[in-house]
Structure formats: structure tokens, C-alpha cells
2 protein chains.
Amino acid sequence: MRVLGVDPGLTRCGVGVVEGIAGRPLTMHGVGVVRTPPDAELGLRLVAIEQGIERWLDEYEPELLAVERVFSQHNVRTVMGTAQASAVAMLCAARRGLPVALHTPSEVKAAVTGSGRADKAQVGAMVTRLLRLDAPPKPADAADALALAICHIWRAPAQNRLQQAVALHAAHASKALKGRTA
Amino acid sequence: MRVLGVDPGLTRCGVGVVEGIAGRPLTMHGVGVVRTPPDAELGLRLVAIEQGIERWLDEYEPELLAVERVFSQHNVRTVMGTAQASAVAMLCAARRGLPVALHTPSEVKAAVTGSGRADKAQVGAMVTRLLRLDAPPKPADAADALALAICHIWRAPAQNRLQQAVALHAAHASKALKGRTA
């Protein structure tokens, strides 16, 4: 499974492509940052993000986009920018028919470091180790994007099993109900 | 000046097209709502909003998009959806080279009712009167979109004068500085 991770932001969108399946060594295909000038008009910044994400989708042809689930716990202004940048990334993927997966920051940290409260340095160190890189990707947004992709690859089997279990339970419940009302 | 007002939301995006200049009677060209199913995936909802906004831009060819400036004062979940929907609307406009103007809810209320704390009914009543409609547009999101467009048409001259004054002041200051350092 090839995943494009996106750590959304108006000024810097971290992007990273990771391929692999749970339980096997992972491969990094690319990592980088989509930047937009802070003094540009908001509409134009969103267009620049769209163009940047489109280039990554064209070049790496991922099967899925994993993006950070945005919470309003931080600075209000930052959160709005993050929500807007993530909307553009999700739009680009969905428009091509690619599934979009959302993971919270603590899910990502827990997936790659074992702790949902790990700091940036720890996430960077584990991303470097897991992808067998020479040095942590810079800036931190780029490392976070790779961590998001890794998180998705590792959590996906569990999520799929959970979804299957829920679907199976729903099917049984529906059958049982039908049997009762028949 | 023909303005497309957008009251952004994931479930309902109010849209309304108003033409006019400050101090003259206004004309409504169209009003409606772009809806997306609440149970659909987020990426697909954003694609549906993009398609809806594109249709309005194609059909009415506005010169500018006026959209609500999103604040994080309300329910966190709603605010995220609003920020995401507004990002898509701004992206659609900016991609065509249309300017995007942001107005706060209180600016809009103050523009059409004289009070920044007016309620929905009051905004609906004034929109009905100002555009000489038979009844307030429903739902409230549609009326709010028209109010946004009206607000922009009425505030634009003042904003332009302010921007000109700031630019002039900056030019003078820069000249004075050059004179001093020369």
C-alpha cells in the first residue's frame, strides 16, 4: 500500500510518500514541503497548495491520502489555516477517487513512538529509523507527514478488521431481527 | 459590481448573487444552497461543494467572491466544517483569478441591519427589503449569503479608500525615510 501523508498548514504543508504493509520494512519514496508565502492572499495560497498536492499525486500515484485530523485545541488562527489547507488536500485526493484517512496527532505519535505524547524530536528519530534514513527529514512538518503515512499503513489492518467486525455484527443483528419479526 | 456571497458550511453552503454599487438599488440574480449529505465521506463532501460552487461561478459570472470570515467562537466541529467549506469556495474563485473578500458575521449584520448583533430574522427581513423580494429567502444560510454580498458592495468603497490611504501613507513614509538616509 502506497500512502501520501500530508501534515496540513497554510505556510508549510509537509508531504511524504511511504509504501509498505504492516509487519514488513517500509519504503520512503519521497518527502518534502509545499510552501505558500504568508503575505499572499488566502485564495491564492489555497491555489498554490492545490497545485503542490496535485504534483505529488501525479508524481507518486499513491493509493490513499492520510491527513491529520484537525482539532481546535491550539491557536485559533493556526487551526483555521490547518483546516483550510487540509480541506484542499482532501479535495485533491477525493476528486481522483482516492480514499482519505484521518488520524489524530496522538494516534500518529503513538503509532511511531509508542507514546501519544511524544515530542517532535522523538517522532523525527523514529521516522528516521523506521524508514532507514541518514538523518531526520527537515522541517518537522515533513517528518510528521511521513509519520502520518506510517501510522496509516500500520493502523489500517486493525481498522479494517474493526470495520469488518462491525459490519458482521450489524448483519447478524439484522438477520436476528428479521427472524424475530418474520 | 456583481458579487457571489457564500455562507460556508459542509451540510449547507448558502449562495447568493447580488449586483449593484453603494448608494443605488441592488439587484438579486440568484439565491440557493449547495448541500452535501452529512453521512458521506468528508473528501466527497468537499468535492460536491467544489462542483456546486463551480456551477454558480459558471452560471452567474461574478466579479468577486465574498465569504464569511470564520472564527472559532462556536462549536469546534461546526467551525472546522465551516473552515473547510470556505476553503473550497475560496479556492474555486481564486483559481479563476477572482478576488476573494472576507467579512465577519458582525460586519455583515451591521451592514444590512445597522446592528452587529442582529438576529437571523432581522437579517432575513432586511435582505428581503433591500432586494425587494416577496419573502425572506429560505433557509437562513441563503439569506446570509445575500447579506454577505450586500455587505461587500456597501463596504467596498470604504475599504478601497482605506487601502488607498494606507498605500499613500506607506509611499510618503518610504519617501521621507529615503530623504533622511540619502
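Tutor: One note to start: UniProt positions are given in the numbering used here, feature names are shortened, and annotations may be inferred rather than shown by experiment. This is a predicted model, where local features need pLDDT of at least 70, side-chain atom pairs count only at pLDDT 80 or more, and totals for chains, interfaces and linings use all residues. Residues are numbered from 1 along each chain as its sequence is written, chains are lettered from A and ligands numbered from 1 in the order in which they are written, and side-chain values use heavy atoms, leaving out hydrogens and water.

Student: OK, so where does UniProt place the "binding site" feature?
Tutor: The unreviewed UniProt entry puts it at A:Glu68. That residue lies in strand β4 (residues 64-68) of chain A; strands (E, at least two residues) and helices (H or I, at least four) are DSSP runs, numbered from the N terminus.

Student: And what does A:Glu68 touch?
Tutor: Not counting residues up to four places away in sequence, A:Glu68 touches A:Val6, A:Asp7, A:Pro8, A:Leu102, A:His103, A:Pro105 and A:Leu148. Contact means heavy atoms within 4.5 Å.

Student: Switching topic: how many residues does each chain give to the contact?
Tutor: Chain A gives 21 residues and chain B gives 22. Together they bury about 1,800 Å², 78% of it on carbon and sulfur atoms. Buried area is the accessible area (1.4 Å probe) that two parts lose on being put together, summed over both.

Student: How many salt bridges cross the interface of chain A and chain B?
Tutor: The rule finds two, counting a side-chain nitrogen of Lys or Arg within 4 Å of a carboxyl oxygen of Asp or Glu. In a salt bridge, A:Glu50 meets B:Arg95 at 2.5 Å, N to O.

Student: Which elements of chain A give two or more residues to that side?
Tutor: Those are α1 (42-60) and α2 (76-95) of chain A. The largest share, twelve residues, comes from α2(A).

Student: What rotation superposes chain A on chain B?
Tutor: One of 180°, with 0.0 Å of shift along its axis and an RMSD of 0.1 Å. That is the relation of a two-fold axis. The superposition is by least squares on the C-alpha atoms of residues with pLDDT of at least 70 in both copies.

Student: Last one: which peptide bond is cis in chain A?
Tutor: The bond from A:Lys138 to A:Pro139 is cis, with omega near -5°. A:Pro139 sits in the loop between α4 (120-130) and α5 (140-181) of chain A.
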